[in-house]
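Here's a quick briefing to keep beside you while you turn the model around on screen. Have a look at the structure first, then read on.

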Amino acid sequence: MSLLHYQQFLVAGIVFLSIWYAALRQQEQQGDTTNNSIFITYAPVWLIAFLGVYAGSSVLYGTATFKDTPEAAKELEQQIKEAQEEMTKRGIIQQQQPTISKTK
Amino acid sequence: MLYSVILPTYNERENLPIIYYLIDKTFTDAKLNYEVVIVDDSSPDNTLEVAQAIQKSYGTEHVTIVSRKGKLGLGTAYIAGLQAAKGDRIVLMDADLSHHPKFIPQMVQKMDSTKVDIVTGTRYAHGGGVYGWDWKRKLTSTGANFLAHFLLHPGVSDLTGSFRLYERNVLEQILPQIRCKGYAFQMEIIVRSKQAGFTVGEVGISFVDRIYGQSKLGTKEIVMYVQGLLQLFFTT
């Protein structure tokens, strides 16, 4: 039986914290011999910062590249006229309908 | 193979004849058998009258009407429509012309060739897009989609879209389980379907938003969305 979504996050969190704890212990024992100490000591902060940058840039990129489809709107306006003609002939549209196009 | 298009309507008196014409044209041109099931929630603008005129003109083999006593919500409208539908495959779509039936044959083709149980239209990939959204609306949508993907990893690019083709058995099994309302409702269908082992394919669609100024995205919708997202995060 697979984990629920929040459980998957909990497991990932526990794994991350365990690795971090182990790295901190090792750093404590061996002393501050490498340049990595700032990353190890503040690993959760770095993780959150990374996630924030990833989220922000993904959303901005997605927004900027969101496809516009003006040709779809044009095609639809044309087909609305076509539809209105046919449906008026069939007696489904009774009289001159108010224009459906709503403008900003 | 019969296709049932379920159209929940509320105050769609103007759009209903147009969407019906486009559905009829699409299915006739594609040589596919279809019926449309209109589920009307006692629209104050008398959409029911227009639905009956369409039924009279096109015949009861093509048009079934389910008239409900009041505005009872989308989920139960789909269930009521499904009960009245005779099709083997079901199309769920909006009746307000934001979805164009011309994408249905592409969805059918996808379902036939890849044997997936659900084909969902996507605005975010495979050439899909929108018309009528300003950058703020796009930002909100992209942000919401990112959050849903981060929490739920659905493997589907458009989680909140409501233009989909389903094998009938999927809806019969999944719809009764759905608890969320609003945009999260559409997310929950995909999440629960995938967990039940159903497969999902995608086809790019154009979403034409013509309801300028009448925002379907107020604070209430956003709060409901986050609530629904969290509900799915903790219970699925």
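This is a predicted model: local features need pLDDT of at least 70, side-chain atom pairs count only at pLDDT 80 or more; totals for chains, interfaces and linings use all residues.

Residues are numbered from 1 along each chain as its sequence is written, chains are lettered from A and ligands numbered from 1 in the order in which they are written, and side-chain values use heavy atoms, with hydrogens and water left out.

**Confidence in chain A**
- Helix α3 (residues 43-64) of chain A has the highest confidence, at 95, and helix α2 (residues 37-41) of chain A the lowest, at a mean of 84.

**Build of chain B**
- You'll find 8 helices and 9 strands in chain B; these are DSSP runs numbered from the N terminus, with helices being H or I of at least four residues and strands E of at least two.
- The C-alpha trace of chain B spans about 50 × 40 × 30 Å along its principal axes.
- Of the 236 residues in chain B, 56% are buried (under 20% relative accessible area; exposed is over 50%, partly exposed in between, with a 1.4 Å probe and protein chains only).
- Take the contacts (heavy atoms within 4.5 Å) in chain B between residues at least 6 apart in sequence: 80% join residues at least 24 apart.

**Salt bridges**
- Over all chains, the count is 13 salt bridges, each being a side-chain nitrogen of Lys or Arg within 4 Å of a carboxyl oxygen of Asp or Glu.
- In chain B, Arg13(B) pairs with Glu49(B), with the closest N and O atoms 3.0 Å apart. Arg13(B) sits in the loop between β1 (2-9) and α1 (15-29) of chain B and Glu49(B) in helix α2 (residues 47-58) of chain B, so the pair ties together parts that are 36 residues apart in sequence.
- Asp158(B) forms a salt bridge with Arg123(B), the closest N and O atoms being 2.7 Å apart. Both Asp158(B) and Arg123(B) are buried.
- Over in chain A, Glu86(A) bridges to Arg90(A) at 2.9 Å between the closest N and O atoms, and Glu86(A), Lys89(A) and Arg90(A) are linked in a network of salt bridges. Glu86(A) is partly exposed at 22% relative accessibility, and Arg90(A) is partly exposed at 33%.

Notes:
pLDDT is the predictor's confidence in each residue, from 0 to 100.
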